[in-house]
Amino acid sequence: MSARLSAAVAVLVSFVALPTQAALTLDQIMAEPDWIGAPVESPYWSADGSAVHYSLKRSGSAVRDVHRIGVSDGKDSVLSPAELASIDGKDAVYDTARQRAAFIRNGDVFVRELGSNRLIQVTRSSEDESSPQFSADQASLHYRRGNDWYGYAFAGGVNYPLAVLKAEKNPKDKKPGDFEKLQLRLIGTLKQDHDNKEALKARAEELRKADASRAAEPVYLGDDVLITPASVLSPDGRWLLVVTTPKSFDGGRAGKMPMYVTESGYEEVEDVRTRVGRGNPAPETLWRVDLASGSATRLDFAALPGSSDDPLAAVRAENEKARPKETTAETGDAEKSAKDATKKKTGDRKNAAKPETATRTIGVNAIQFTRDGSQAAVMLRATDNKDRWIATVANTEKPVLTSRHRLTDPAWINWNFNEYGWLPDNRTLWYVSEESGFSALHTRRDSDKAKAIVQGRFEVSAPQLSPDGAWFYLKSNAEAPYSYDVYRVPVAGGQTTRLTRLKGVEDFSVSPDGKQLLVAHSASYLPQQLSLLPADGGSPRQLTDTRTAEFKALTWQEPKIVPVPSSHGKEPIWGKLYTPAASGGKRPIVLFVHGAGYTQNTHLAYPYYFREQMFHNLLTERGYLVLDLDYRASEGYGRDWRTAIYRHMGKPELEDLIDGVNWLVKEHDGDASRVGLYGGSYGGFMTLIAMFQAPDVFKAGAALRPVTDWTQYNHEYTSNILNTPEVDDIAYRRSSPIEFADGLKGALLIAHGMIDDNVFFQDSVRLFQRLIDLKKDNVELAPYPLERHGFTHAVAWRDEYARILKLFETHVRGVAQ
């Protein structure tokens, strides 16, 4: 056993037995969660750091109130509508001298003068403004409205356009046609009128260029593109980076979701997403616009190392080899025609959409300029999900992309751990990368070798620079995979210091003066709350506790964090164990399977699955052992754990679940003949995999809003793990539960919201018909007409969990219903 594992086991959260109290009921634990107390939401500092604001849901209402807590006195007050008109917005940005702060509130731009506390309203429009930033010379403020950029001059209080983008042809580029030339040559009066108009245009242009008070001319990018909202203006106001997609790009066929219970009383239809491989992301082009001249230069992605690689060549070859060979001429001709048609359609699309010389389609994730505007860093990602680049663009006359970092992964690049930015020296990049196997923080100055600032067998996320640029603050699970706290490290590197010992930190922010931390944290039965502590560490001062007296009066079983030995690797499978208070005899087993695949539920914070956690308390009251595992693919355990499911979803996770069952049988008197499991979304998918592929282990399962066929899920998630159906049919066939439905032996409950726009209700309907075809009798389908992917109505939660409890009591515990 490793030293880290030994230390982790030594600090396992102790089991607390339930004292004598009234038995839990479904009506109580599945009620509207107002009875628990709402969690603190959206906390942030006031611009001057004298107060903290947060939102809190009203009991019995969907309305959120905004609260203010004074930092000096800790007084918490609900702000009236009149008071809300004078508060600061979230995510304020500061000028270099930190004398002004700019922010967005209700879609408008405001500036707070910190010395006088004066509030300046910069805009008041029906459109939403965003992305405020101070100019490099600090004389003005820039902000975005739609695709256009505007400035606000502090000296005169004038708003003015800086960059107006048009997806049109430049009218100045229009050339006279042959017939027009003939007319002007033959008709003298027409020629005179034409020359007069041209002279007036030339004079107007001359006056415009000489008059700084005039509005900027539009920038025309052509009528064959669509402008995305991803443009970023340099702080000096000279350069603009703009992202476009082809106007002619075919985004694929969208789905149609019927809704049966509606206010109108008629059936209605809602447009929903396309399926994986049938709605690939549009290819993107990156432009550098010179606002002084209005010229736009396309930046070639071919400069990125590996941009011409084909990382899926071996996968395509494997699938081609596995494809059945037809022998008849008729079938061959049909296949050839179909392939030719597909090839032509794909080729037409590629020709229409190809934005640069690179052979792979690449998209722009984020853009950040240095504070002085001298260069920008662009994060790009291949849409085949195998590469992520950070490249810089120097603001020279002939701009090019210069690669500063390439992260490549034969499986897929993580959705998370992609933060990056500039240090105050305007030359050094910082970024988070998984290249070591775990997310780590790095810096790189110009073309020097990259330097690891924080790195180890743990995860680093959410780095924040201190206002003086001397420190990185970050969140990490360096103590144990399930324990998250705030740490800090000098920007130049050195010793990393743990600042909090809350073990359930969810978020944090540094105060405007850099002297304090506002920390959002929680615990197993404590929804998110706020605490303050000194920025260099110390005892936290808790600011909130929003739980109700009713909830606090109850004593809950604290889940025990356990390392379950794996039969397929050296690392344990971390999980939460809930055990019955009474001992004696073999105990029925229930496994809970968390959703999302890549999420973490074995931690010391308040769980997303707080209802399920209370349900586990109810199950233990009835004698069940309950185990909730972070199976392979879960977050928090590094790159290899995350990508273990590449091209075969369901296999490693099922192995881990079976390891969990075997461990319960061996160590906790679990009854191997009475095992059930349940979970939603990805957990529903895994429930089906377990019931279909390990029917002798799992006797009953509840699959909630499950993915039943991965070809029906979305592109953004699925193509990362399984590529696309066209490329990797093997991966989809061996990962989709519907392919293995014939293996079902036990009792199965399928519960699904009928207006689920994430995992479509159609998934469950198709599987249900497949099970009918296979003559599987012990199957129940529970549809919920007014529920989406995450249920929102207490009556639906109660009904769903009443069915789950009945399933387990009947088929696992063996109690007649």
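Modeller: Before we start on the helices, one definition: the expected span of a helix is 1.5 Å times one less than its number of residues. And this is a predicted model.

Biologist: Fine. What does helix α15 reach from its first C-alpha to its last, and what is expected?

Modeller: Helix α15 covers residues 761-773, which is 13 residues. The end-to-end reach is 19 Å, close to the 18 Å expected.

Biologist: Which residues of α15 are buried?

Modeller: F761, D763, S764, L767 and L771. Seen down the axis of α15, those buried residues fall within an arc of 150 degrees, so they line one face of the helix.

Biologist: Why would residues three or four places apart point the same way?

Modeller: Because an α-helix has 3.6 residues a turn.

Biologist: And what do the buried residues of α15 pack against?

Modeller: Three elements are listed: α12 (682-693), β44 (747-753) and β45 (779-784). After α15 comes K775, with a positive phi near 60 degrees.

Biologist: Switching to α9. How many of its residues are buried?

Modeller: 11 of the 12 residues of α9 are buried, so the helix is largely enclosed by the rest of the structure. The buried ones are F610, R611, E612, Q613, M614, F615, H616, N617, L618, L619 and T620.

Biologist: What about the span of α9?

Modeller: Helix α9 runs over residues 610-621 and should span 16 Å at 1.5 Å a residue. The end C-alpha atoms of α9 are 17 Å apart, which agrees.

Biologist: Which residue follows α9, and what is its phi?

Modeller: G623, with a positive phi near 100 degrees.

Biologist: How accessible is T25?

Modeller: T25 has a relative accessible area of 38%, which makes it partly exposed.

Biologist: Now α4 and α5. At what angle do the axes cross?

Modeller: Roughly 105 degrees, and the axes come within 5 Å. That makes α4 roughly perpendicular to α5. Helix α4 is residues 178-186 and helix α5 is residues 188-210.

Biologist: Which residues make the contact?

Modeller: From α4, Q183, L184 and L186; from α5, G188, L190, K191 and H194.

Biologist: How do they divide into nonpolar, polar and charged?

Modeller: The contact of α4 with α5 has 3 nonpolar residues, 3 polar and 1 charged.

Biologist: N319 next. Is it buried or exposed?

Modeller: N319 is buried, with a relative accessible area of 4%. N319 belongs to helix α6, residues 313-322.

Biologist: What is N319 in contact with, leaving aside its neighbours within four places in sequence?

Modeller: R647, V727, D728, D729 and I730.

Biologist: Last topic, backbone angles. What is the phi of N106?

Modeller: Positive, about 55 degrees, although N106 is not a glycine. Most residues other than glycine have a negative phi. N106 lies in the loop between β6 (100-105) and β7 (108-113), and counts as exposed at 71% relative accessibility.

Biologist: And where does S131 lie?

Modeller: In strand β9, residues 129-134. S131 has a positive phi of about 55 degrees and is not a glycine. At 31% relative accessibility, S131 counts as partly exposed.

Methods. Residues numbered from 1 in each chain as written. Predicted model: local features only at pLDDT ≥ 70, side-chain atom pairs only at ≥ 80, totals over all residues. Heavy atoms only, no water. Axes fitted to C-alpha atoms, helices over the stretch in contact; angles between N-to-C directions. Helix = DSSP H or I, 4+ residues; strand = E, 2+ residues; numbered from the N terminus. Parallel < 35°, antiparallel > 145°, perpendicular 65-115°, else oblique. Contact = heavy atoms within 4.5 Å. Nonpolar A, V, L, I, M, F, W, Y, C, P; charged D, E, K, R; others polar. Buried < 20%, exposed > 50% of the residue type's maximum accessible area, 1.4 Å probe, protein only. Arc of directions from axis to C-beta.
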